[in-house]
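Trainee: Could you take me through this model with the numbers and their cut-offs kept in view?

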Amino acid sequence: MPGWEDQSSKDIDALLSANPRTKEDFQVLSAQIIELVIKQHHSKPLYPSFVEYHVRQLAEPLRDVEVRKAASALTTLANEKQKEQRDKASGKKKPKSASKPTLGAAKVSSKFDTGVYDEALDDFGKDADDFM
């Protein structure tokens, strides 16, 4: 195959004999495939067509739920890239902390102000016997 000449046969043999069993094993296998085979073709004009065909072939044996999950991940990636392009085109700088605010993160205090509850629930004033 063209382009394989510069790869060591040891790397290719390891790739072909891989037997992944865990999610991490599959991620390592994916990284190796990308590094050894696919990365050298990123800049070619027909690469997007290759990716579309390749993803379809990879997803063919999956169940519909699994395909939807993969499609969702690709949609998320496309949305992120679209946002980056929009921000780049408008000249916006990426915020340093893009994390969502968390509940109670506005002020940190180890002392609780419970006096507010007494005031709000005090229907009788100072004298609890003065109901009517």
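Trainee: What relative accessibility does Glu66 have?

Mentor: Before the value, note that this is a predicted model in which local features need pLDDT of at least 70 and side-chain atom pairs count only at pLDDT 80 or more, while totals for chains, interfaces and linings use all residues. Residues are numbered from 1 along each chain as its sequence is written, and side-chain values use heavy atoms, with hydrogens and water left out. The scale calls a residue buried under 20% relative accessible area, exposed over 50% and partly exposed in between, with a 1.4 Å probe and protein chains only. Glu66 counts as partly exposed because its relative accessibility is 32%.

Trainee: Which residue does the side chain of Glu66 meet in a salt bridge?

Mentor: A salt bridge here is a side-chain nitrogen of Lys or Arg within 4 Å of a carboxyl oxygen of Asp or Glu, and the N to O distance for the pair with Glu66 is 3.9 Å.

Trainee: How many salt bridges does a search of the whole structure find?

Mentor: For the whole structure, the number found is three.

Trainee: In which helix do Asp87 and Lys83 both lie?

Mentor: The two are four residues apart, about one turn of their helix. Asp87 is partly exposed at 22%, and Lys83 is partly exposed at 45%. Both residues lie in the helix spanning residues 64-90, H4.

Trainee: How far apart are the end C-alpha atoms of H4?

Mentor: The expected span of a helix is 1.5 Å times one less than its number of residues, and the 27 residues of H4 should therefore span 39 Å.

Trainee: Which residues of helix H2 are buried?

Mentor: H2 covers residues 23-38, where a helix is a DSSP run of H or I with at least four residues, numbered from the N terminus. The buried residues of H2 are Leu29, Leu36, Val37 and Ile38.

Trainee: Why do those buried residues line one face of H2?

Mentor: The arc in question is that of the directions from the helix axis to the C-beta atoms. The face turned away from the buried side carries the exposed residues Lys23 and Glu24, whereas the buried residues pack (heavy atoms within 4.5 Å) against H1 and helix H3, residues 47-59. Seen down the axis of H2, the buried residues line one face because they fall within an arc of 140°.

Trainee: What accessible area do Val55, Leu74 and Leu77 have together?

Mentor: These three form a nonpolar patch on the surface, a patch being made of residues with over 30% relative accessible area and no salt bridge, where like charges are joined within 9 Å and nonpolar side chains (Val, Leu, Ile, Met, Phe, Trp, Tyr) within 5 Å. Leu74, in helix H4, is partly exposed at 46%. Using Shrake-Rupley areas with a 1.4 Å probe, the patch has together about 230 Å².

Trainee: What share of the residues in the protein is buried?

Mentor: The protein has five helices and zero strands (E runs of at least two residues), and its accessible surface comes to about 12,800 Å², of which 57% belongs to carbon and sulfur atoms. Of the 132 residues, the buried share is 7%.
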